[in-house]
Amino acid sequence: MFYEKKSCRICGNKGLIPYLDMGNTPLANSLIVRSSEINNEKYFPLVVVYCPTCSLSQLSIVVEPSILYNHYIYHSSISKTFHEHCKQLAEYISSIILKGKIGFCVDIASNDGCLLTKFKNLSHKVLGIEPAKNLAKLSISTGIDTYNDFWNKKTAEKILQSYSHADIITSTNVFAHVDNLHEFLEGINILLSEDGAFIIEVPYMSELIKKNEFDTIYHEHLSYFLIKTLKILFEKHNLKILDIQKLPIHGGTIRVITVKYSNNNLSINKKGIDKFLNEEDNNGMYDIHTYKNLDIYAKKIKSEIFSLITNIKRQNKRISCYGASAKGITLLNYCKINYRMIDYIIDDTPQKQNCFAPGSHIPICSLKKLLESPPDYLLILAWNFAEEIMSKTKFYQNNGGKYIIPIPEVRLYEYSSK
Ligand code: TMP
């Protein structure tokens with residue numbers, strides 16, 4: 001079901017240093033569909049280790065992808081913020097990378113086809129690669145050509161036989177999920193045209209550390225990247241970094257644009273890349289002590305949330321949550337918060353509703369529940385969408401409802417007192 005990863009997945013170093021142990025936790029996206037399944041939940045160790053050679057942080061174990069991704073409930077399209085993000089990415093690639101040319105754009109782990117729809121709207125030819133059967137089916141039904149499989153060399157070869165080389169390959173929020181990154185990039189080298197570009201978006205480890213986003217550490221996220229690490233990885237696979245952009249989405253993401261070494265059509269932003277590397281060094285990102293501090297901050301947030309919730313419960317007040325996101329599930333489990341303290345979790349994803357949160361066993365409900373049975377406090381687990389969530393729950397705050405935001409530090413919002 002899982003195996004222990006004893007060496008660095010990028011540079012092979014065996015001298016890895018553990019720095020954060022979040023205990024045994026269930027899989028954050030494996031929602032419990034029937035209450036009878038509660039007793040059969042599987043728990044896996046959640047420990048992060050640091051490679052002092054290339055500065056990669058990675059999980060100490062790898063859970064079998066077939067267990068993690070067979071039926072994946074995460075739907076990209078649920079958030080307006082994400083739609084806007086995809087639209088901007090497609091427009092950026094269209095104008096700056098493709099320079100107005102119509103291209104063949106392939107998206108790896110295309111989810112429900114959110115990004116590809118934006119490419120299609122700009123007249124590009126598109127193809128999604130999506131391992132989850134339910135999501136591949138969903139995106140095909142909306143008119144997005146989708147190949148249902150994991151990305152690897154074999155998939156790249158198959159696609160090349162049936163289609164052509166890709167002008168653009170995107171992989172947003174998937175790189176961190178991949179165990180064999182070397183094979184992943186061998187596949188990119190097969191499918192990417194000589195003058196094409198490969199663009200990834202991944203959570204940025206510098207931001208995770210800066211904002212204490214320890215709840216974004218869960219079994220699907222195998223690796224936590226810095227630019228230094230990515231540069232080492234790409235250089236092993238005939239890819240050079242052209243440019244890097246920092247984006248606010250998902251609590252702090254980096255977009256990294258790469259091309260094959262032989263491609264000199266676009267200029268390299270060397271100054272920009274060096275700035276990232278210098279900042280990483282100056283912020284202690286190549287020093288194990290920085291990572292050990294994350295453990296201290298995580299424990300501090302855990303004890304603050306736990307005592308805040310215990311105090312609220314002592315006053316016989318009610319608490320609910322918003323956003324059954326993987327990070328939310330992780331936070332609840334790490335902080336030992338369960339169905340005895342929280343009435344329900346609101347989530348707008350229809351597939352999540354009527355399920356139970358892994359580990360904490362809190363029922364997941366639609367927004368209607370907030371109207372019918374408003375709590376005194378709403379803990380926003382999907383804190384990366386806090387603004388969007390607060391604005392869609394104006395009715396709740398206008399009736400005196402309060403919010404708790406857990407990350408980067410525990411904060412209380414009491415609109416009624418203003
Ligand atoms: P994410 O941070 O992993 O993208 O997950 C966000 C979760 O929050 C996901 O389960 C969907 C949920 N959500 C809503 O239910 N309503 C909303 O308006 C937003 C922004 C998110």
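How far does a polar side-chain atom of Lys-352 lie from an oxygen atom of the ligand? The distance is 2.6 Å. The legends below belong to close-up views of a predicted model.

**Figure 1. The ligand and the residues around it in the predicted model.** The shell around the ligand holds 18 residues, and those that come nearest are Lys-327, Asp-347, Asp-348, Lys-352 and Lys-392.

**Figure 2. Polar contacts between side chains and oxygen atoms of the ligand.** In the side chain of Lys-327, an N or O atom is 2.5 Å from an oxygen atom of the ligand. For Asp-347, a polar side-chain atom lies 2.6 Å from a ligand oxygen atom. Lys-352 likewise places a polar side-chain atom 2.6 Å from an oxygen atom of the ligand. On its own, the ligand has 490 Å² of accessible area, and the protein covers 96% of that area.

**Figure 3. The packing of helices α5 and α6.** Two packed helices are described by the angle between their axes and by the distance between those axes. Helix α5 spans residues 153-162 and helix α6 spans residues 181-191; their axes are 8 Å apart and form an angle of about 15°. Because angles under 35 degrees count as roughly parallel, α5 is roughly parallel to α6. The crossing of this pair, α5 and α6, is right-handed.

**Figure 4. The packing of helices α2 and α3.** Helix α2 comprises residues 80-97, and helix α3 comprises residues 114-121. Their axes are 8 Å apart, and the two helices pack at an angle of about 45°. The helices α2 and α3 are therefore oblique to each other. Their crossing is right-handed.

**Figure 5. The peptide bond between Ile-407 and Pro-408.** Most peptide bonds are trans. The bond that joins Ile-407 and Pro-408, however, is cis, with omega at about 5°. Pro-408 is found in the loop between strand β18 (402-405) and strand β19 (411-413).

**Figure 6. The backbone at Asn-111.** Most residues other than glycine have a negative phi. Asn-111 is found in the loop between strand β6 (104-108) and helix α3.

Key:
Residues numbered from 1 in each chain as written. Predicted model: local features only at pLDDT ≥ 70, side-chain atom pairs only at ≥ 80, totals over all residues. Heavy atoms only, no water. Near = heavy atom within 4 Å. Polar contact = N/O pair within 3.5 Å; in protein donor to acceptor, adjacent residues only side chain to side chain. Areas by Shrake-Rupley, 256 points an atom, 1.4 Å probe, with all protein chains shown as cover. Axes fitted to C-alpha atoms, helices over the stretch in contact; angles between N-to-C directions. Helix = DSSP H or I, 4+ residues; strand = E, 2+ residues; numbered from the N terminus. Parallel < 35°, antiparallel > 145°, perpendicular 65-115°, else oblique. Left-handed = near helix turned anticlockwise from the far one by under 90°.
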